Amino acid sequence: MIAGVALLAICTLIGQLLGEWLGMLLGVKANVGGVGIAMILLIVARMWLKSRGRYQEGVSRGIGFWAALYIPVVVAMAAQQDVVAAVEGGPVVLIAGVGALLVCFSAVALMSRLSGTSETMDEIEAREAREAEHTTLAVAPHPDHAPQR
């Protein structure tokens, strides 16, 4: 488990350093993509370990443990920074963000309509209950039809 935590920490540190370096290179006073770089490095490292037969359960559990706790927090922090930068950047950035959101909502609605009708969870549960009842009736004989001795 410690090896997985160490791998995640190394990828995070390298990603943050590369993100800071990329920000300086682009003239931005911020970390540019450090979290994304770290995640890409982690994926590459996992694939490399698997190809060498060194990706063991402990490494997997260590990565999974911190992934469940750390990655969502860092992504939320990065998203907050993006929103602050967008608000300070002016109305064009906000219009682009709202436009992208509307396009995504429209795409989901369009895909939902094109996929046809689907059952709701209540309908699925009712159908499964009916099927279970029919199966039970088919297995258990009716009292009126019990064999006579």
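**Labels and their cut-offs**

Of the 149 residues in the protein, 15% are buried, where buried means under 20% relative accessible area, exposed over 50%, and partly exposed in between (1.4 Å probe, protein chains only). This is a predicted model, in which local features need pLDDT of at least 70 and side-chain atom pairs count only at pLDDT 80 or more, while totals for chains, interfaces and linings use all residues. Residues are numbered from 1 along each chain as its sequence is written, and side-chain values use heavy atoms, with hydrogens and water left out.

Q: What makes Cys-104 buried, exposed or partly exposed?
A: The relative accessibility of Cys-104 is 48%, which lies between 20% and 50%, so Cys-104 counts as partly exposed.

Q: How many disulfides are there by the rule?
A: A disulfide is a pair of cysteine sulfur atoms within 2.5 Å, and by this rule the count is zero.

Q: Which residues make up the largest nonpolar core?
A: A nonpolar core is a set of buried Ala, Val, Leu, Ile, Met, Phe, Trp, Tyr and Cys residues joined through side-chain atoms within 4.5 Å, and the largest one has nine residues, namely Leu-7, Leu-8, Cys-11, Leu-42, Ala-45, Leu-49, Tyr-55, Val-59 and Ile-63. Helix 1 (2-26), helix 2 (34-51) and helix 3 (57-89) each give two or more residues to this core, helices being DSSP runs of H or I with at least four residues, numbered from the N terminus.
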